[in-house]
Amino acid sequence: MREIFAGLPWWVKWVAVPVIALVVFSSLIATVVVFVIGLLFKALLFVALVGGLIYVVRKFMGNSSSRSDW
């Protein structure tokens with residue numbers, strides 16, 4: 001592989017090849033990026049909902065006159 005690129009100008013190695021790779025794999029790259037961002041959003045939403053649930057339960061349990069009602 002190095003022999004193939006050895007005789008080419010620098011702009012082919014550093015500009016043309018990456019641009020061609022982006023054009024060919026752009027839909028795959030976009031799909032992976034959307035999946036990762038969606039996964040991070042869902043994880044953040046999960047953490048926020050669990051944190052809110054814990055906050056509400058602790059607030060309710062703290063305001064309860066006796067904890068033996070359960």
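A residue counts as buried when its relative accessible area is under 20%, as exposed when over 50%, and as partly exposed in between (1.4 Å probe, protein chains only). By that rule, 1% of the 70 residues of the protein chain are buried.

Before going on, a word on the model: it is predicted, so local features need pLDDT of at least 70, side-chain atom pairs count only at pLDDT 80 or more, and totals for chains, interfaces and linings use all residues. Residues are numbered from 1 along each chain as its sequence is written, and side-chain values use heavy atoms, with hydrogens and water left out.

What is the chain built from? It has two helices and zero strands; these are DSSP runs, numbered from the N terminus (helices: H or I, at least four residues; strands: E, at least two). Helix α2 covers residues 10-63 and holds phenylalanine 35, and glycine 51 sits in helix α2 too.

Now for the overall shape. The C-alpha atoms fill a box of roughly 85 × 20 × 15 Å along the principal axes. The radius of gyration is 27 Å, while a compact globule of 70 residues would have one near 11 Å. That radius is taken over C-alpha atoms, and the globule rule is 2.2 Å times the number of residues to the power 0.38.

Here are two C-alpha to C-alpha distances:

| Pair | Apart in sequence | Apart in space |
|---|---|---|
| Phenylalanine 35 and arginine 2 | 33 residues | 34 Å |

Is phenylalanine 35 buried or exposed? It's exposed, because its relative accessible area is 56%. Glycine 51, at 35%, is partly exposed.
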